[in-house]
Structures are given as C-alpha cells and as structure tokens.
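Let's take a walk through a protein together, one step at a time. Have the picture ready and follow along as we go.

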Amino acid sequence: MPAADDAFMERALALGRRGMGNTWPNPAVGCVLVKRGQIIGEGWTQPGGRPHAETEALAKAGARAQGATAYVTLEPCAHHGRTPPCADALIAAGVARVVAPFDDRDPRVSGQGFARLRGAGVEVVTGIGHDAAEEHHAGFFTRVTLGRPLVTLKLATSLDGRIATASGDSQWITGPDARAHVHELRATHDAVMVGGGTARADDPTLTVRGREVVRQPVRIVVSRKLDLPAQTNLSRTMDIAPLWLCHGEDVPADRKDAWATSGVELVPVAQTGQRLDPGAMLQALGARGLTRVFCEGGGELASSLLSADLVDRLELHVGGVVVGAEGRPALGALGLERLSDAPRFTLRDLRRIGNDVVQSWTRQRHAQE
C-alpha cells in the first residue's frame, strides 16, 4: 500500500519535527503505529534524546501493537545506551512490519537494527520518505559522519546588502513578521551562535521568544580573547538557557577562571593566526553533542565560516530599505580572487513574510561528500 505508506511516513516526519532542537545529541525521530489502516499509537523523541519515538508509540498502543506496522523516520536502534534497543522493543511488541526511509549512519546502528528485525521475522521496507527524511536528519548525519553540527547562517540585509548604517544602527532592517520567523528558526536548532563583536554591540539575549519551547537553545558566543562584559543580557539569563563561550588558546588563566566560576561553559579552540580555527571550533561543538547550530553573525564570523566552506544552509532575509555604500556590509572579506572559488548555494525556498523576502539556500556539496 504505497500511498498509505507515504501518508503515514509524512505523519511520522511531522511528529519528529516536534523534537527538533530538543533531542541532541540524539536524532529527532517520529514513529506511527498503524493497524488495519488506523493509527493506534504515535510518538517522537523526547527532550534530551529519550525516551525514543518507538518507545513512546508502543506505550500508547499497548497490546494492540501485535501485528501492526511501525512507520519510523530512522532505522530503529540496535545498541544498548541509556535505553534498550528499539529494534528489540518492536520485536517484543509483536510488530509485523517496519517502514523506514533508510539505514542509520550512526556506526553503532548502521543496518544492525534492520538485520535484527528481519532475523525475528519482521518485514522491513525502506525508501519511503527518503528525501524528506534526509533533510530532517541532516544535522544528526552531519555530526555522526563529519564530527560537526550542521550550520545555518542567517543574514538580515537591506536591498543593497547592508546590515547596519555606518554608525551601527540596525534596528530594524526587517519587519516584525520576519523577526518572528527568526525565533521559529532558533527553536529548531540546538544552539544559536554569534561573534563577540555582535555580542558587545547588540547585547542580545539569543533566546526563543514569542512561542513556547521545551528546551531553549544553547547560546554560543565566539570570542577569541574572552573580552566580553561580565554583565550582559546573556549572563543575566543563564537560568533560562546555557551560555557557551568559544575562546582561543592565549586567554589569561584568571579571565578563564572568572567566566568558569560564573557557570559558563568554556570551549577552548585552536587558533589560526589571530583567528579561531572555524573547523576546529565546530568539531569541538560536535564533540559536545550539538547537531544543528544557527549562526546569526556578525560579518567576521560569517565570513570565516563561509571561507572554510562550513555553511550548510543560508537564510537570507531582505528588508525593503536601502542603506548605501557607507553602511556596514553583511560579510567580512573572503579573500577571493576568482569567482570559481566563491561558495555557492542552491535556492530551496523563496517566500514573502510581511514586507520582507526570505530566501532559503542549501550549500552545493562537493562530489567527494
């Protein structure tokens, strides 16, 4: 029943999206249990990564799971972590058929869940919802295969590509509807990241506001020298959301100690000259479990990520205002001599939100990836 399989997988993916930003380091999985064409149980990965989606759905279905079909947005796990394997739970419940998009790329699973199910006589069908699930799990897959989180860079610019006037005035280039959309994007990421210059100039909070969230994203500030004011909106709201500071190797010990005792998590990063190495920084964040990072600038941090080919998604919000050449550009220097060396992106979505245009772009991957 391919049409029904597609519809139930769409439902499972919609459920899984409820966990985005809340489940790291685990993937945000959705599960739907179906019997005789009716949904008898459903669930999604809970905050912190457990219970898993399959466990949630099986608990709701109870004894009715016997003979049912499970639609799962990722291969059921086969390893013992803090919870028993989901493949075993599906077998024990008597599920007759499991439908999933593809194998899990986590080496702890990687086909073993499907093998265990088939070995127990459960029919396994793959390939359903493949493309949508690839996008859904892109952050988790980036971490398990490349060791770093997926990076979304958001730029809010004028029609002529400026982010502020020459004096630094930037409130507001885009309207309230586009700014509300930014909070929606923050909520689907594990962390929100800005450079130290932006933190000093704007004194942001970087929390999700205007909508309910189960788990606020981690706030990350990239400050090589840790030369940030001690009293800021970020430091005053650490009871609401964690604050991590990425810093260089040459920060004085007393400065690091002062931040560490305030409850901030310090993330030491190797340097390349006078800059933090962006690749090493993302590897450090991936090692801490982050799968999706939402970068909101500024221009130097954005250009360093772009130059290192580490921006996976680009969210460009364009407001209907012209600032002029004396305004501050959206990006710092990229050092390009040839256009062929420029980072390139493929347009994924184009929308009008309020009086602004929102463009969503996906990085063009290299053939070896």
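Over the ring of which residue does the charged end of Arg-18 sit? It is Trp-44, and the charged end of Arg-18 is 4.7 Å from the centre of that ring. Keep in mind that you are looking at a predicted model.

Now turn to helix α1, which covers residues 2–17. This helix has 16 residues and reaches 23 Å from its first C-alpha to its last, close to the 22 Å expected at 1.5 Å a residue. Which of its residues are tucked away? Asp-5, Phe-8, Met-9, Ala-12, Leu-13, Leu-15 and Gly-16 are buried in α1. If you look down the axis of α1, these buried residues fall within an arc of 155 degrees, so they line one face of the helix.

What does the buried face meet? The buried residues of α1 pack against strands β1 (30–35), β2 (38–44), β3 (69–72) and β4 (97–100), and also against helix α5 (130–136).

Let's look at the aromatic rings next. Searching the whole structure turns up four aromatic pairs. One of them joins Phe-8 and Tyr-71 in a tilted arrangement, 5.3 Å centre to centre with 40 degrees between the planes. Phe-8 belongs to helix α1 and Tyr-71 to strand β3, so this pair ties together parts that are 63 residues apart in sequence. Phe-8 and Tyr-71 are both buried.

Phe-140 and Phe-141 give us another pair to examine: their ring centres are 6.1 Å apart and their planes are at 50 degrees, so this pair is tilted. Both Phe-140 and Phe-141 are buried. Together with Phe-102, these two residues form one aromatic cluster. Phe-102 also has a charged residue over its face: Arg-105 lies there, at 5.6 Å from the ring centre.

Our last stop is Trp-172, in the loop between β7 (162–164) and α7 (176–187). Is Trp-172 buried or exposed? Its relative accessibility is 55%, and exposed means over 50%, so Trp-172 counts as exposed. To finish, find Pro-76 as well: Trp-172 and Pro-76 are 96 residues apart along the chain, and their C-alpha atoms are separated by 46 Å.

Note on methods
Residues numbered from 1 in each chain as written. Predicted model: local features only at pLDDT ≥ 70, side-chain atom pairs only at ≥ 80, totals over all residues. Heavy atoms only, no water. Helix = DSSP H or I, 4+ residues; strand = E, 2+ residues; numbered from the N terminus. Expected span 1.5 Å × (residues − 1). Buried < 20%, exposed > 50% of the residue type's maximum accessible area, 1.4 Å probe, protein only. Arc of directions from axis to C-beta. Contact = heavy atoms within 4.5 Å. Phe/Tyr/Trp six-rings, centres within 6.5 Å; stacked < 30°, edge-to-face > 60°. Lys NZ or Arg CZ within 6 Å of the ring centre and 35° of its normal.
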